[in-house]
Amino acid sequence: RRVLFRSQQARIKVLEPLVAKRFDLMRKVLSAFQYYGRDEAIKVIQENKVPELINNINNLLQDADNEEVRLLKIREENTVSSTQQTFILLPLGAFASLAILLWIFVLLNSEVTERINSELALKESEERFRNIFELSADLVCIADYKGFFRLINPSFTRVLGYSQEELLHNSFFKYIHPDDKAKTEYVMTEKLARGETLLAFENRYLHKDGSIVWLGWTAQPTDSDYYFCIARNITERKKDEEHINRVNRLYSVLSRISHIMVLTNDKQKLFDETCSILVEYGKFRMAWIGEIDEITKIVSPVSSYGKIDGYLNNVLISINDSKFQRGPTGTSILTGQYNICNDIENDPRMEPWKEQALKMDFRSSAAFPIQQKNKLPIPLTVYSSELDFFDESEIKLMNEISLELSFAQIGRASCRERV
C-alpha cells in the first residue's frame, strides 16, 4: 500500500505542472477571445499545442491506471483482503483525478462557447439595428438640447435635400420654418428636457429647393444631454388636409355669395361683398374686380379687399398693349376663360408685375371672367401666398362663383332693357 501511495504521489507531481500549464493556456485563450475575437483564440490554441498537452495528460493518466493494475496483481498474491482494499481505493484516486480534469475542461470550454455565442448575438443585434437605421424610410436621429443633430440616418438627406455634413454641422433650427421655430423650442426645453415623451408633434422644415416639408415627430428623452427621435414625412397628408379645407372654404364662399346675390340688387355692394368673402372665408391674400376703360382699354379696380398696400395703384394692365395683357387678368378678359398662374416668380408672363407681387408675398394668382351682355367680361382676380395653389377642384369652384356673378350681371342688364 505504501508503494502504491508513493507511486501515486510521483504521478501527481508529474501531472501538477501539466494541469497548471493547461489552466494558464485556457486563461490565454479566453483573454484572446475577449479582446481580439475567435480567430485569435484559435491561433493561441494552435501555437501552444493545446491538443498535444491534453494528450500528454491523458497518457499519464493511462500509465497510472496500468501501474495500479500491475501493483494490484502483486498485492493479490500476498493477501486477498489487502488487494481488495487497494483495488477499491487506488482506482478511485485515479478516477477522481481524471474526473476533476474533465470537469475543468468542460467548464472552461463551456465558458468559451458562451462568450463566443454572446459575441455573435451582439454582432447580429448590431447588424439588425444598423439595417433598420440605414434602410428606414422614416427619419431617425439622435439630437441634443443645444439644437444640433448628433446622428442622422440617410432619410434626412433624401427628404430634406441637404448633405449629412450640412445637417450635422448647423443647428437644426436653421432648417425649421420660421413660423414653427418657437413651438419647436418650447417642446424641446419644456417637454423633452423635463423627461416627457413627445408624441405626434408636427412642424415644417424648409427643403433645400425652398419647398416646405411637413414632419411628424416622436421623441424619447434620456438621462443624458440628448434624446432619440423618429420623424415621418407627412407632407402629402398635410396637402390633402389643406386641399379638403380649401375646398370646404370655397363651398362656404359660394354659398355666402349666392346669399348676398339674393339680398341685394346693388352691383357695387355685390362686388364689395364678394371680394370681402373671398379673403375672409376663402383665405385668399387679396381679391379684386376690375372694369375696362372704353377709351384707354386700361383695366382698373372697382372693388378690392385684402392685402392691397397700393399694389393695384402700381401695376398696369392694358388689353391694348401686348406686354401688359399677357397676365391672367388680361388673358381672361380677351379669351373669356379663366387663366391661372401658379408660380408668379418664374412665369415669364408675369415679368411686368413680378417684383411688386413678390413684395406682397403673392405666389399664385388666377383670374375668372364675369360675363356681361354685349361687352367684354370684367375680371375677378385672386391671389395666394402659396405656390401651386390652384388645382382642378378649386378652379371649378371659383369658376362657379364667376358664373353666378355673370348670371347676376346679365340678368340685371336684361331687366334694365325690359324696363
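Mentor: Buried means under 20% relative accessible area, exposed over 50%, and partly exposed in between (1.4 Å probe, protein chains only). The model is predicted, with residues numbered from 1 along each chain as its sequence is written, and local features need pLDDT of at least 70, while side-chain atom pairs count only at pLDDT 80 or more. Totals for chains, interfaces and linings use all residues, and side-chain values rest on heavy atoms, with hydrogens and water left out.

The structure holds 14 aromatic pairs (ring centres of Phe, Tyr or the six-membered ring of Trp within 6.5 Å; planes under 30 degrees apart are stacked, over 60 edge-to-face, the rest tilted). Among them, Phe362 and Tyr383 are stacked, with 4.6 Å from centre to centre and 25 degrees between the planes. This pair links distant parts of the chain, 21 residues apart: Phe362 belongs to the loop between helix 12 (354-359) and strand 9 (364-372), whereas Tyr383 belongs to strand 10 (residues 375-384). Phe389 and Phe390 make an edge-to-face pair, because their ring centres are 5.1 Å apart and their planes stand at 80 degrees; both Phe389 and Phe390 are buried. Elsewhere, Phe149, Phe156, Phe172 and Phe173 come together in one aromatic cluster.

Rings also meet charged side chains here. Lys238 lies over the face of Trp214, 4.4 Å from the ring centre, and Arg256 lies over the face of Tyr281, at 3.8 Å from the ring centre (NZ of Lys or CZ of Arg within 6 Å of the centre and within 35 degrees of the ring normal).

The loop between helix 6 (164-169) and helix 7 (181-191) contains Asp180, which counts as buried at 4% relative accessibility. Leaving aside neighbours within four places in sequence, Asp180 is in contact with Asn203 and Arg204 (heavy atoms within 4.5 Å). Pro178 is found in the loop between helix 6 and helix 7 too, but Pro178 is exposed, with a relative accessible area of 53%. From C-alpha to C-alpha, Pro178 and Tyr205 are 9.0 Å apart in space, although 27 residues apart in sequence.

Within helix 7 itself, Thr184, Val187 and Met188 are buried. They cover an arc of only 95 degrees around the axis (taken from the directions from the helix axis to the C-beta atoms), so they sit on the same side of helix 7. The cover over the buried residues of helix 7 includes strand 1 (139-144), strand 3 (198-206) and strand 5 (226-233). Across the protein chain, 53% of the contacts with a separation of 6 or more are between residues 24 or more positions apart.

Methods: Helices (H or I, at least four residues) and strands (E, at least two) are DSSP runs, numbered from the N terminus.
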